[in-house]
Amino acid sequence: VQLQASGGGLVQAGGSLRLSCAASGRVSSIYVITWYRQTPGKERDVVASITTGGATNYIHSVKGRFTISRDNAKNTVYLQMNSLKPEDTAVYYCNGAAFREQYWGQGTQVTVSS
């Protein structure tokens with residue numbers, strides 16, 4: 001399984017970005033896709049997740065601003081980020097969890113200027 005993350009960039013506070021996580025390979029083995037983010041010197045933290053059944057979860061600080069969704073036909077999971085804040089600045093990673101396996105995409109930088 002390969003995961004390709006994209007969509008990061010520089011945006012002003014209050015703006016929007018949409019991240020994409022495109023999966024290829026044995027994607028049927030993945031049962032949940034999770035977006036994480038990481039800032040320098042800190043651990044990688046969960047932001048949002050979506051299961052194969054469409055169940056979603058968000059951390060409190062992004063609820064109401066971020067939306068995670070999936071397009072099964074394109075094997076892609078999206079993270080729509082609205083009302084961005086400077087504290088959302090981080091490298092964002094997508095993760096795919098399968099039985100006894102974890103797959104990571106490369107990070108995509110999101111920078112929110114104040």
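**Strands, bridges and buried residues**

Reply: Happy to. Strands β3 and β8 pair in the antiparallel sense, over 6 bridges. Keep in mind that this is a predicted model.

Me: What makes β3 and β8 count as a pair?

Reply: Two strands pair if there are at least two bridges between them. β3 and β8 have 6 bridges, so they qualify as a pair. Within this pairing, Leu 19 stands opposite Leu 79 in β8.

Me: Which strands belong to the sheet, and in what order?

Reply: The open sheet has 4 strands in the order β1-β3-β8-β7, and the pairing is antiparallel. From one strand to the next, the twist averages 15°.

Me: Why do β1 and β7 stand at the edges?

Reply: β1 (2-6) and β7 (66-71) each have a single partner strand, so one side of each is left without a neighbour in the sheet. For β1 there is an antiparallel pairing with β3 (residues 17-24) over 5 bridges, and Ser 6 has Ser 20 in β3 as its bridge partner. For β7 there is an antiparallel pairing with β8 over 6 bridges, where Thr 67 has Gln 80 in β8 as its bridge partner.

Me: What lies between β7 and β8 in their hairpin?

Reply: There are 4 residues between the two strands. Asn 75, in the turn, has a positive phi of about 50°, although Asn 75 is not a glycine.

Me: Why is Asn 75 called partly exposed?

Reply: Buried means under 20% relative accessible area and exposed means over 50%, with partly exposed in between. Asn 75 has 34%, so the label is partly exposed.

Me: And why does Arg 100 count as exposed?

Reply: The relative accessibility of Arg 100 is 74%. Arg 100 lies in the loop between β9 and β10 (101-104), and its phi is near 65°, a positive value in a residue other than glycine.

Me: How do you know that Ser 49 is buried?

Reply: Its relative accessible area is 14%. Buried means under 20%, so Ser 49 is buried. Ser 49 sits in strand β5 (residues 45-51). Leaving aside neighbours within four places in sequence, Ser 49 is in contact with Val 32, Ile 33, Thr 34, Ala 55, Thr 56, Asn 57 and Ile 68.

Me: What makes β8 mostly covered?

Reply: In β8, 5 of its 6 residues are buried.

**The disulfide**

Me: How do you know that Cys 21 and Cys 94 form a disulfide?

Reply: The two sulfur atoms are 2.2 Å apart. The rule asks for cysteine sulfur atoms within 2.5 Å, so this pair is a disulfide. By this rule the count comes to 1 disulfide.

Me: What makes Asp 88 and Arg 37 a salt bridge?

Reply: Their closest N and O atoms are 3.0 Å apart. A salt bridge needs a side-chain nitrogen of Lys or Arg within 4 Å of a carboxyl oxygen of Asp or Glu, so this pair passes. Asp 88 lies in the loop between β8 (76-81) and β9, and Arg 37 in strand β4 (residues 30-38), so the pair ties together parts that are 51 residues apart in sequence. Both residues are buried.

Me: How do you know that Asp 88 also forms a salt bridge with Arg 65?

Reply: Here the closest N and O atoms are 2.7 Å apart. The limit is 4 Å, so Asp 88 and Arg 65 pass the test. Arg 65 lies in the loop between β6 (56-58) and β7, and Asp 88 in the loop between β8 and β9, so the pair ties together parts that are 23 residues apart in sequence. Arg 65 is buried, and so is Asp 88.

Me: How many salt bridges are there by this rule, and which residues are linked in a network?

Reply: The count comes to 2 salt bridges, and Arg 37, Arg 65 and Asp 88 are linked in a network.

How values were computed. Residues numbered from 1 in each chain as written. Predicted model: local features only at pLDDT ≥ 70, side-chain atom pairs only at ≥ 80, totals over all residues. Heavy atoms only, no water. Buried < 20%, exposed > 50% of the residue type's maximum accessible area, 1.4 Å probe, protein only. Contact = heavy atoms within 4.5 Å. Axes fitted to C-alpha atoms, helices over the stretch in contact; angles between N-to-C directions.
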